[in-house]
Amino acid sequence: MPRTAWTFYDPVDDETYSWEINPNQGGYPSRNKNILFEATAAPNGQTVAQEGRDTPETFSFSGVILTEGQFNTLNSWYEKRNQILLTDDLGRQFWIYIKTFNPTRQRSAKYPWRHDYTIDAIILDFSS
């Protein structure tokens with residue numbers, strides 16, 4: 001089966017990046033419901049549970065960087081101050097805003113630019 005690369009698309013600059021190495025961890029939003037609990041004022045009143053709005057969905061993924069070019073490219077996408085369309089290898093599309101890019105250098109004789117990284121983003125919209 002042929003490899004399907006993740007892609008970033010920037011609608012402001014009309015720029016697309018096809019990942020050289022797809023992330024190896026993560027890949028679906030973290031979803032949380034807000035449940036509020038309040039006691040009633042009535043004698044022997046029961047606690048009432050109410051469902052509030054869901055918290056904003058977050059997206060986290062991680063992988064490996066092997067070259068200076070990959071490092072600089074991911075860093076430049078982090079620097080963008082607008083939403084980005086992420087399409088994963090399953091064809092799911094997520095409009096995201098990148099909050100963190102956390103590269104950690106790893107020792108490697110073959111790849112001096114080797115880093116492990118984590119990217120955290122807020123999901124603005126998605127279709128699965």
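**Close-up views of a predicted model**

**View 1. Arg92 and its salt-bridge partner Asp88.** Arg92 has a relative accessibility of 17%, so Arg92 counts as buried. The cut-off for buried is under 20%. This model is predicted, not an experimental structure. Asp88 is also buried, at 1% relative accessibility. The two side chains form a salt bridge, and their closest N and O atoms are 2.7 Å apart. In total, the model has five salt bridges.

**View 2. Lys80 meets Asp13 in a salt bridge.** Their closest N and O atoms are 3.2 Å apart. Asp13 sits in the loop between β1 and β2 (15-18), while Lys80 sits in the loop between α1 and β7, so this pair ties together parts that are 67 residues apart in sequence. Lys80 is buried, with a relative accessible area of 13%. Asp13 is partly exposed, at 48%.

**View 3. Lys80 also forms a salt bridge with Glu15.** Here the N to O distance is 3.0 Å. Glu15 belongs to strand β2 and lies 65 residues from Lys80 in the chain. Glu15 is partly exposed, at 33% relative accessibility.

**View 4. Phe71 and Trp113 form a tilted ring pair.** The ring centres are 5.5 Å apart and the planes meet at 50°, so the pair counts as tilted. Phe71 is in helix α1, and Trp113 is in the loop between β8 and β9. Phe71 is buried, at 16% relative accessibility. Trp113 is partly exposed, at 32%. The model holds 14 aromatic pairs.

**View 5. Phe8 in the largest nonpolar core.** This core has 20 residues. Phe8, Trp19, Phe59, Phe61 and Ile96 touch the most other members. At least two core residues come from each of β6 (58-65), α1 (68-79), β7 (84-87), β8 (93-105) and β9 (115-127). Leaving out residues up to four places away in sequence, Phe8 touches several residues, among them Trp19, Phe61, Trp77, Leu86 and Ile98.

**View 6. Thr7 and its contacts.** Thr7 lies in strand β1 (residues 7-10). Trp19 is twelve residues away along the chain, yet the two C-alpha atoms are separated by 6.0 Å. Setting aside neighbours within four places in sequence, Thr7 contacts Thr16, Tyr17, Ser18, Trp19, Leu85, Leu86 and Thr87.

Terms used
Residues are numbered from 1 along each chain as its sequence is written. This is a predicted model: local features need pLDDT of at least 70, side-chain atom pairs count only at pLDDT 80 or more; totals for chains, interfaces and linings use all residues. Side-chain values use heavy atoms; hydrogens and water are left out. A nonpolar core is a set of buried Ala, Val, Leu, Ile, Met, Phe, Trp, Tyr and Cys residues joined through side-chain atoms within 4.5 Å. Buried means under 20% relative accessible area, exposed over 50%, partly exposed in between (1.4 Å probe, protein chains only). Helices (H or I, at least four residues) and strands (E, at least two) are DSSP runs, numbered from the N terminus. Contact means heavy atoms within 4.5 Å. Rings of Phe, Tyr and Trp (its six-membered ring) pair if their centres lie within 6.5 Å; planes under 30 degrees apart count as stacked, over 60 as edge-to-face and the rest as tilted. A salt bridge is a side-chain nitrogen of Lys or Arg within 4 Å of a carboxyl oxygen of Asp or Glu.
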